[in-house]
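Let us walk through this model step by step. Keep the sequence and the 3D view side by side.

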Amino acid sequence: MDNGDGSPQGSVTCGSWIRRPENLNLVVLGRSRHGSSSPSVLQIFSFDPKITSLSTSPLATFVLEAEEGDPVAIAVHPSGDDFVCSLSNGSCKAFEVYGHETSVKLLAKELAPLKGIGPQKCITFSVDGAKFAAGGLDGHLRIVEWPSLHKILDEPRAHKSVLDMDFSLDSEFLASTSTDGSARIWKIEDGVPLTTLSRKPDEKIELCRFSKDGTKPFLFCSIKKGDNSLTGVWDLGTWNKIGHKRLIRKSASVMSISHDGKYLSLGSKDGDICVVEVKKMQIHHYSKRLHLGTNIASLEFCPSERVVLTTSVEWGAQVTKLNVPKDWKEWQIYLVLLGLFLASAVAFYLFFENSDSFWNFPMGQDQPSRPKFKPILGDPKSYDDQNSWGPVDM
């Protein structure tokens with residue numbers, strides 16, 4: 001998926017995964033205009049997990065009008081049925097994805113409240129898909145209900161210029177960062193800012209992602225401190241910083257967290273990516289010069305595979321299989337549970353057969369031992385004798 005020299009297509013400006021209801025993974029890429037012969041387009045590609053590769057030709061292509069400009073950012077709805085693309089002309093446009101694996105089509109939809117609002121560098125959906133947020137280069141922050149587009153928050157002076165943002169797992173909070181190094185937390189239900197993250201004078205908070213594993217909630221932020229790049233962790237109960245660690249050499253340009261919240265990934269401004277396990281904050285995968293000498297524009301985990309999608313203007317789109325421990329499949333878990341159940345049954349039977357009592361109590365001298373098992377179909381006469389009742393005094 002490299003652009004290559006002399007390619008008739010424009011540069012890849014953004015990209016994202018699409019998880020379809022039939023459990024397929026697709027990729028949507030936005031390409032800029034290339035001269036007068038190649039317009040700006042949105043393209044859908046299939047993904048083959050067996051060879052970790054995208055299809056050589058797109059399944060669907062949507063050509064943007066010249067006045068709409070180039071794609072800037074893409075946010076895919078968690079259902080996989082829709083996605084929103086922010087355009088360089090200052091509008092956001094929605095696209096419905098329909099059809100099957102071999103016949104995918106895109107249907108464009110206008111979003112009147114998000115038309116002509118200025119270039120939006122950051123757009124994202126909440127985890128439950130009920131909210132949509134857009135952060136502009138002018139610092140204007142908007143949060144609306146989806147799909148009604150009913151206004152929840154509209155803050156023209158949220159930041160100097162919005163750099164990054166993310167919804168919490170329960171969609172209660174939104175974290176946003178600014179080009180001036182500040183970061184704010186917004187209480188979505190109230191539509192007001194809750195707090196501003198503390199930082200030292202020589203620190204700039206650039207990127208942010210909430211934990212998504214459903215355990216103790218944290219906020220991860222990339223911090224630029226001089227020539228060093230750190231990853232800090234904030235506790236959501238107090239909004240205090242509880243620690244930091246250096247994970248990549250140069251400043252991070254993009255941050256992403258896996259859908260199950262197990263891994264956190266950073267892409268650097270010189271083309272490296274690193275993937276860390278959230279539980280121990282240890283690096284499990286590091287790719288040097290994946291996008292040689294260029295800024296990684298987008299980085300996103302595949303919804304169902306340990307694979308990441310990265311894009312850059314110079315090197316296009318790439319999918320990379322992560323060198324991380326394999327996850328247990330659902331059938332493997334059931335097989336282990338079945339094995340444990342059978343092992344317990346065998347152990348119970350052996351224990352019962354080789355003990356005088358189930359509880360293994362000492363037997364008294366006059367206490368009869370446990371009787372041996374007899375056939376179910378015994379002598380009919382003896383059966384009648386055992387079940388004959390003598391006279392009973394009432």
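How many bridges join strand E7 to strand E8, and do the two run parallel or antiparallel? Five bridges link E7, residues 82–87, with E8, residues 92–100. The two strands run antiparallel. Bear in mind that the model is predicted.

Now widen the view to the sheet. E7 and E8 belong to an open sheet of four strands. The order is E6-E7-E8-E9, and the pairing is antiparallel. The edges are held by E6 (71–76) and E9 (103–110). Each of these has a single partner strand, so one side of each is left without a neighbour in the sheet. From one strand to the next, the twist averages 25°.

His 159 sits between strand E13 (151–155) and strand E14 (162–167). Is His 159 buried or exposed? Its relative accessibility is 8%. Buried means under 20%, so His 159 counts as buried. Which residues does His 159 contact, leaving aside its neighbours within four places in sequence? They are Asp 138, Gly 139, Ser 176, Thr 177, Ser 178, Ser 182 and Arg 184.

Finally, step back to the whole protein. Its secondary structure comes to two helices and 28 strands. Of its 394 residues, 46% are buried. Take the contacts between residues at least 6 apart in sequence: 42% of them join residues at least 24 apart. The accessible surface comes to about 21,400 Å². Carbon and sulfur atoms account for 54% of that surface.

How values were computed. Residues are numbered from 1 along each chain as its sequence is written. This is a predicted model: local features need pLDDT of at least 70, side-chain atom pairs count only at pLDDT 80 or more; totals for chains, interfaces and linings use all residues. Side-chain values use heavy atoms; hydrogens and water are left out. Two strands pair if DSSP finds at least two bridges between them. Axes are lines fitted to C-alpha atoms, for helices over the stretch in contact, and angles run from 0 to 180 degrees between N-to-C directions. Buried means under 20% relative accessible area, exposed over 50%, partly exposed in between (1.4 Å probe, protein chains only). Contact means heavy atoms within 4.5 Å. Accessible areas come from the Shrake-Rupley method with a 1.4 Å probe; for residues, only the protein chains shown count as cover.
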